[in-house]
Amino acid sequence: MTRPAPRDRMIVALDLPTVAEARDMARRLGDAASFYKIGMELVYGGGLDLVRALVGEGKQVFLDLKLHDIPATVAKATAQVARLGATYLTVHAYPQTMKAAREAAAGSTTKILGVTVLTSMDDADLAEAGYAHRAADLVARRADQARAIGIDGLILSPEEVGAMRARVGASLILVTPGIRPAGAALGDQKRAATPAAAIAAGADALVVGRPITQADDPTAAARAITAEIAAAG
Ligand code: C5P
């Protein structure tokens with residue numbers, strides 16, 4: 001697999017309250033960014049038109065919808081997302097859900113990324129929810145299942161990415177949020193990594209939100225991160 005250009009390995013999370021603000025941010029970033037993540041908040045606030053607009057401008061879009069439902073519904077929703085032209089779609093990494101999404105996305109340009117275990121869940125939360133596995137074991141189990149089922153990749157925290165790259169080799173695309181350039185505010189990210197560290201650990205692409213969208217100069221912040229990816233990769 002040829003490595004994408006550094007700019008295509010930085011996915012800007014458009015976690016902004018309104019579609020108008022998200023649209024403005026994308027306009028402001030211009031050529032400094034080529035890939036955007038749009039999540040549930042924006043989608044439920046009218047963000048699908050923004051997805052169409054960005055794709056129409058030649059940008060790539062990661063739709064972070066974390067689908068999970070009966071297989072028929074997951075398949076139909078995945079087919080709709082594929083028609084929108086999104087590059088990545090997230091699903092919860094349950095075997096039934098991953099299989100349904102993979103089959104529905106086949107033949108399209110949309111790639112399916114699995115969310116193994118939400119990073120808000122620790123061992124106690126999993127036990128409370130009725131799981132017999134500890135978080136680290138469940139992440140590994142679902143990563144193996146993702147690979148066996150043949151989805152395209154996984155979303156992983158910077159903490160998990162090194163071990164998971166060693167486990168799955170080049171077979172899966174690994175996308176990592178929780179990125180903070182040296183000296184940037186952590187916000188609510190507790191175990192952040194720098195762009196260079198996440199790339200060195202084996203991440204294919206990084207999701208970066210506030211370090212860009214809350215910067216005094218978002219374009220300069222985006223260009224600095226792209227430069228760091230280029231130097232590390
Ligand atoms: O602003 P910040 O760079 O922290 O944004 C990170 C993005 O990645 C947000 O959209 C957040 O929801 C998402 N994310 C995360 N940690 C995870 C999964 C997703 O920060 N484990």
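Student: How many residues of the shell around the ligand are nonpolar, polar and charged?

Tutor: In this predicted model, the shell around the ligand divides into 5 nonpolar, 3 polar and 4 charged residues. Among the residues around the ligand are D15, K37, T119, R180 and Q189, together with the run V207, V208, G209, R210 and P211.

Student: Which secondary-structure elements each supply at least two residues of that shell?

Tutor: Strands and helices are numbered from the N terminus, and here β8 (205-208) and α9 (210-213) each supply at least two residues of the shell.

Student: Which polar atoms of the protein lie 2.7 Å from an oxygen atom of the ligand?

Tutor: A polar contact is read from a pair of N or O atoms within 3.5 Å. A polar side-chain atom of D15 lies 2.7 Å from a ligand oxygen, and a backbone N or O atom of R210 is likewise 2.7 Å from an oxygen atom of the ligand, while a polar backbone atom of G209 lies 2.8 Å from a ligand oxygen.

Student: What share of the ligand's exposed area does the protein bury?

Tutor: Taken alone, the ligand exposes 470 Å², of which the protein buries 79%; the ligand sits in the largest pocket.

Student: How many aromatic pairs does the structure hold, and how is the pair of F35 and Y88 arranged?

Tutor: Ring planes under 30 degrees apart count as stacked. The structure holds 2 aromatic pairs, and one of them, F35 with Y88, is stacked, at 5.4 Å centre to centre with 25 degrees between the planes. Because F35 lies in strand β2 (residues 35-39) and Y88 in strand β4 (residues 88-92), this pair ties together parts that are 53 residues apart in sequence.

Conventions: Residues numbered from 1 in each chain as written. Predicted model: local features only at pLDDT ≥ 70, side-chain atom pairs only at ≥ 80, totals over all residues. Heavy atoms only, no water. Near = heavy atom within 4 Å. Polar contact = N/O pair within 3.5 Å; in protein donor to acceptor, adjacent residues only side chain to side chain. Areas by Shrake-Rupley, 256 points an atom, 1.4 Å probe, with all protein chains shown as cover. 1 Å grid on protein atoms, 1.4 Å probe; cavity = no way out; pocket = protein on both sides within 12 Å on 5 of 7 lines; lining within 4 Å. Sits in = over half its atoms within 2 Å of the grid points. Helix = DSSP H or I, 4+ residues; strand = E, 2+ residues; numbered from the N terminus. Nonpolar A, V, L, I, M, F, W, Y, C, P; charged D, E, K, R; others polar. Phe/Tyr/Trp six-rings, centres within 6.5 Å; stacked < 30°, edge-to-face > 60°.
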